[in-house]
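Welcome! Please take a moment with the sequence and the 3D view below, and then we can walk through a few places together.

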Amino acid sequence: MGRITARRRVTRVRAGAAPTTRADVLAVEEPLEIRVGGSSLAVTMRTPGDDVELAAGFLVSEGLLAAVDDLRTARYCAGATENGTNTYNVLDLALADHVGPPDAALTRNFLTTSACGLCGKSSIDSVVTRSAFDPAGDDLTVDSATVLALPDRLRDGQAVFDKTGGLHAAAIVDGRTGELLVLREDVGRHNAVDKVIGWALLHDLLPLTGHILQVSGRASFELVQKASMAGIPMLSAVSAPSSLAAELAEERGITLVGFVRGESLVIYTRPDRITVAEPAADETHSRRSDNRSA
């Protein structure tokens with residue numbers, strides 16, 4: 001796994017047993033400085049790997065990129081340390097001539113941690129970013145069985161999580177065919193989402209009309225905003241959404257689904273995009289009988 005995982009000696013303690021010492025595998029967390037045109041824009045704590053996708057997706061989320069032609073080059077910066085070595089933790093992106101430079105209001109005042117993708121915003125007003133795309137008019141419809149199957153498919157693809165137990169994941173799914181197009185892992189859930197959105201940008205797939213963003217964990221405001229910036233009409237999460245996430249999803253016309261587990265899910269906004277099969281006649285009769293008995 002290279003720089004993605006690291007090994008450390010740990011002491012395991014179990015009730016009623018003597019402590020044992022063994023090697024354990026941890027997910028690596030390192031800073032990535034994102035520069036645009038040589039000027040620092042943000043520093044995020046991430047799991048190394050797919051850094052160009054991460055940076056590209058981050059710039060989509062910030063409203064700087066909307067198409068692959070908006071990005072000219074991306075390169076790691078040599079000489080990022082005092083002795084001139086390349087740590088592969090500084091990435092400089094050059095935008096196309098028709099793309100304006102980042103607004104000063106986008107500059108992050110401090111570190112963006114792996115837990116939060118918005119905490120470094122320089123002002124409250126800059127938290128809400130307007131998208132070049134409008135997912136509200138997307139005519140995607142998906143049956144509930146397809147959505148219910150997504151968390152297991154996401155989990156099956158988490159190779160690094162299997163080794164460490166410490167990574168979030170995000171995936172882009174074609175809502176019409178059910179094909180899982182891309183899956184990425186990271187210590188930060190917002191980074192994992194930026195990576196899959198960056199992948200879509202680099203493959204000239206934006207806007208992601210007719211697609212689903214599936215995430216591990218909860219659905220926060222920032223994840224709904226990232227979905228909006230990529231033109232994604234549906235966000236599905238294993239855990240709960242926040243109130244602000246639901247409000248933004250309703251405003252942007254995004255279907256927000258939470259608690260997608262086992263045989264149940266909860267639809268918070270735009271339920272018209274999810275079709276539910278009618279229960280079989282014998283099942284309906286059984287339920288009615290149960291209700292009479294109650």
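In which strand does His-211 lie? His-211 belongs to strand β10, residues 211-215. This is a predicted model, in which local features need pLDDT of at least 70 and side-chain atom pairs count only at pLDDT 80 or more, while totals for chains, interfaces and linings use all residues. Residues are numbered from 1 along each chain as its sequence is written, and side-chain values use heavy atoms, leaving out hydrogens and water.

His-211 counts as buried because its relative accessibility is 12% (buried means under 20% relative accessible area, with a 1.4 Å probe and protein chains only). A polar atom of its side chain lies 2.8 Å from the backbone oxygen of Thr-209. Beyond its neighbours within four places in sequence, His-211 is in contact with residues including Leu-140, Ile-172, Asp-174 and Met-234 (contact means heavy atoms within 4.5 Å).

Next, a helix. α4 is mostly covered, with 13 of its 14 residues buried. Just after α4, Asp-204 takes a positive phi of about 55°.

Lastly, the largest pocket. Its lining has 13 residues, and Val-36, Gly-37, Ser-39, Pro-101 and Pro-102 lie nearest its centre. Strands β4 (39-46) and β6 (90-95) are the elements that give two or more residues to this lining.

Definitions and conventions:
1 Å grid on protein atoms, 1.4 Å probe; cavity = no way out; pocket = protein on both sides within 12 Å on 5 of 7 lines; lining within 4 Å. Helix = DSSP H or I, 4+ residues; strand = E, 2+ residues; numbered from the N terminus. Buried < 20%, exposed > 50% of the residue type's maximum accessible area, 1.4 Å probe, protein only. Polar contact = N/O pair within 3.5 Å; in protein donor to acceptor, adjacent residues only side chain to side chain.
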